[in-house]
Amino acid sequence: MPEDHRPAVSVRILLAEDQGMMRSALALLLGMEPDFEVVAQVADGDGIVDAAHRSRPDVALLDIELPGRSGLDAAADLRTEVPDCRVLILTTFGRPGYLRRAMEAGASGFLVKDGPVGDLAKAIRQVLAGETVIDPALAAAALGAGPSPLTPRERDALNASVDGATVADIAVKLRLSESTVRNYLSSAIGKTHTRNRMEAMRAARRQGWL
């Protein structure tokens, strides 16, 4: 829509999505709303806060699994550094653990990407009005799933296990002793009812605990 057809005050939107085609499509669809303006597009988690400082969005639409920092980490950063910006998580992965972490990070909404764009536009307006918007099916699943049993250090140890990292590698990365790392990994394996740390990592990711 030409700029002169827009309302005098538009809703300024930051869009963080690593898949270029999806990002462009969302920007195009949101731009068709007469009161929306996509003022920033970001392809990785590390650039979200800087882009928000530059563009001063009213709402940030964040994917979760991004290169660099996750959308959940970025949501917590925005709450501290750009508190006037509302955060709406928009993800393919409707996992109960992700929903809990998003709410803890200060997000105002959580939607999955397979919904109609009209629902997304409505959700943006709702969070700007001070409401919290959560996919109903996911909300019910989160209530039934309960909180993550993993401690922050257990999550760190599992996250550091990617790409076949050894216990020694993990210890260096987390600045812990190897025996402490083994204890964290053993505890995480027990809590996820798995046989080894790779299975534990996969199980925790399926639940949205990582």
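Select Glu 17, Asp 63 and Lys 113 to begin: salt bridges link these residues in a network. A salt bridge here is a side-chain nitrogen of Lys or Arg within 4 Å of a carboxyl oxygen of Asp or Glu. Zoom in on Asp 63 and Lys 113, whose side chains meet in a salt bridge at 3.3 Å, N to O. Asp 63 sits in the loop between β3 and α3 (71-81), and Lys 113 in the loop between β5 and α5, so the pair ties together parts that are 50 residues apart in sequence. Is Asp 63 buried or exposed? Asp 63 has a relative accessible area of 5%, so Asp 63 is buried. Buried means under 20% relative accessible area, exposed means over 50%, and partly exposed lies in between (1.4 Å probe, protein chains only).

A word about what is on your screen: this is a predicted model, in which local features need pLDDT of at least 70 and side-chain atom pairs count only at pLDDT 80 or more, while totals for chains, interfaces and linings use all residues. Residues are numbered from 1 along each chain as its sequence is written, and side-chain values use heavy atoms, with hydrogens and water left out.

**The whole chain**

Now zoom out and show the cartoon. How many helices and strands are in the protein chain? There are 10 helices and 6 strands. Both are DSSP runs numbered from the N terminus: helices are H or I with at least four residues, strands are E with at least two. The C-alpha trace spans about 65 × 35 × 30 Å along its principal axes. Of the 210 residues, 44% count as buried.

Colour by pLDDT next; pLDDT is the predictor's confidence in each residue, from 0 to 100. The mean for the protein chain is 86, and 90% of the residues reach 70 or more. Then select residues 1-8, where pLDDT stays under 50. For this stretch the model has 9 contacts beyond four places in sequence, a contact being heavy atoms within 4.5 Å.

**The sheet**

Select the strands. In what order do they lie? The 6 strands form an open sheet, ordered β2-β1-β3-β4-β5-β6, and the pairing is parallel. The edge strands, β2 (36-42) and β6 (133-134), each pair on one side only. Two strands pair if DSSP finds at least two bridges between them.

Next, pick out β1, where 5 of the 6 residues are buried. β1 and β2 pair in the parallel sense over 6 bridges, and here you can find Ile 13 opposite Val 38 in β2. Strand β1 (residues 11-16) also pairs with strand β3 (residues 59-62), again in the parallel sense, over 4 bridges. To see this pairing, select Leu 15, which stands opposite Leu 61 in β3.

**Helices on the sheet**

Then turn to α4, which lies across β4 (86-91), β5 (109-112) and β6, running at about 150° to β5. In helix α4 (residues 96-104), the buried residues are Pro 96, Gly 97, Tyr 98, Leu 99 and Ala 102. Just after α4, select Gly 106, which takes a positive phi of about 100°.

**Two loops with a positive phi**

Most residues other than glycine have a negative phi. Your next stop is Arg 175, a residue other than glycine with a positive phi near 60°. Look for Arg 175 in the loop between α8 (167-174) and α9 (178-192); its relative accessibility is 78%, so Arg 175 counts as exposed. Then go to His 193, whose phi is also positive, near 55°. His 193 lies in the loop between α9 and α10 (197-207) and counts as exposed at 73% relative accessibility.

Arg 195 is exposed at 70% relative accessible area, whereas Glu 199 counts as buried at 18%. For a last stop, select Arg 69 and Asp 77: their salt bridge has its closest N and O atoms 3.0 Å apart, and Arg 69 is partly exposed at 35%.

Notes. Axes are lines fitted to C-alpha atoms, for helices over the stretch in contact, and angles run from 0 to 180 degrees between N-to-C directions.
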